[in-house]
Amino acid sequence: MHPGNACRTLAEWRAALAPCRLCPDACSSPISDVREGQRALIIGQAPGIHEPSVGKPFGADAGRRLRRWFAAYGLEDEERFRATFAMTAVMKCYPGRVPGGRGDRRPSPAELRNCAPWTDAALQLLDPALVVPVGGLAIDRLLGPSRLIDVIGNRFEVDGRAWIPLPHPSGASAWLNTPEHRVLVERAVALIAHALGAAG
């Protein structure tokens, strides 16, 4: 049995996740922030190169950019943002750099399979009304293969929950350079804020 399947509380989930070493090629311990009282769940691709030293998801530039998207709704402050949004990823350890190349390595299918029960358990135990998959890999894994332009700015209902995807807030993302795409991001953020009851 996968250790995530045995968890009955979020405290048990965090305690069981911390020592997980199911993926031998991962370059860090698991990094997640899922606690009682958080109202929505953000699920990204994987921690980046800086997150292992920070010890929390979206703890570097991408996280600051993500919070800025919510500034109009009073959620740019990191403490308030993290109190509202639980954060995890489809791979919870930093996968490492691309061998001989630039950027972070994409999690392998085996790593994604190893981590899926952790994600499923977090979703079940937190039981949020709103889930926000962030980035193409998370969207594909959780909502099915999709083009960003077809899903960003839309709300989906899955198993009684609202799912509102966002693109990855990476500074390296060329997708965000297109004005029409930025309008879709603004629409998605407005939908998320509305689902949370945040006033603009």
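The questions and answers below concern this predicted model.

Reader: How are helices α1 and α5 oriented to each other, roughly parallel or roughly antiparallel?

Author: Two packed helices are described by the angle between their axes and the distance between the axes. For α1 (residues 10–17) and α5 (residues 109–126) the axes are 10 Å apart and the angle is about 160°. Angles over 145 degrees count as roughly antiparallel. The two helices are therefore roughly antiparallel.

Reader: What is the make-up, by class, of the contact of α1 with α5?

Author: On the α1 side the contact holds L10, W13, A16 and L17, and these meet W118, A121, A122, L125 and L126 of α5. Counted by class, the contact has no polar and no charged residues, and its nonpolar residues number 9.

Reader: Which helix gives the most to the lining of the largest pocket?

Author: The largest pocket, with a volume of about 870 Å³, is lined by 34 residues. At least two lining residues come from each of α3 (61–69), β2 (85–89) and α6 (136–143). The element that gives the most, with 3 residues, is α3.

Reader: Which helix supplies the most residues to the lining of the second largest pocket?

Author: This pocket has a volume of about 200 Å³. Its lining includes R65, R68, W69, R182 and E186, and by class it divides into 6 nonpolar, no polar and 4 charged residues. Both α3 and α8 (179–196) supply at least two residues. The most, 4 residues, come from α8.

Reader: In which loop is D127 found?

Author: Most residues other than glycine have a negative phi. D127 is not a glycine, yet its phi is positive, at about 50°. The place of D127 is the loop between α5 and β3 (130–133).

Reader: What is the phi of D159?

Author: D159 lies in the loop between β4 (156–158) and β5 (161–163). Although D159 is not a glycine, its phi is positive, with a value of about 55°.

Reader: Is the crossing of α1 and α5 left-handed or right-handed?

Author: The pair in question packs at an angle of about 160°, and the two helices are roughly antiparallel. Their crossing is left-handed.

Definitions and conventions: Residues are numbered from 1 along each chain as its sequence is written. This is a predicted model: local features need pLDDT of at least 70, side-chain atom pairs count only at pLDDT 80 or more; totals for chains, interfaces and linings use all residues. Side-chain values use heavy atoms; hydrogens and water are left out. Axes are lines fitted to C-alpha atoms, for helices over the stretch in contact, and angles run from 0 to 180 degrees between N-to-C directions. Angles under 35 degrees count as roughly parallel, over 145 as roughly antiparallel, 65 to 115 as roughly perpendicular and the rest as oblique. A crossing is left-handed if the near helix is turned anticlockwise from the far one by less than a right angle, and right-handed if clockwise. Contact means heavy atoms within 4.5 Å. Ala, Val, Leu, Ile, Met, Phe, Trp, Tyr, Cys and Pro count as nonpolar, Asp, Glu, Lys and Arg as charged, and the others, Gly among them, as polar. On a 1 Å grid over the protein atoms alone, a cavity is a set of points where a 1.4 Å probe fits but cannot get out, and a pocket is an open set with protein on both sides within 12 Å along at least five of seven lines; lining residues have an atom within 4 Å of a point. Grid points are joined across faces, edges and corners, and a volume is the space filled by probe spheres set on the points.
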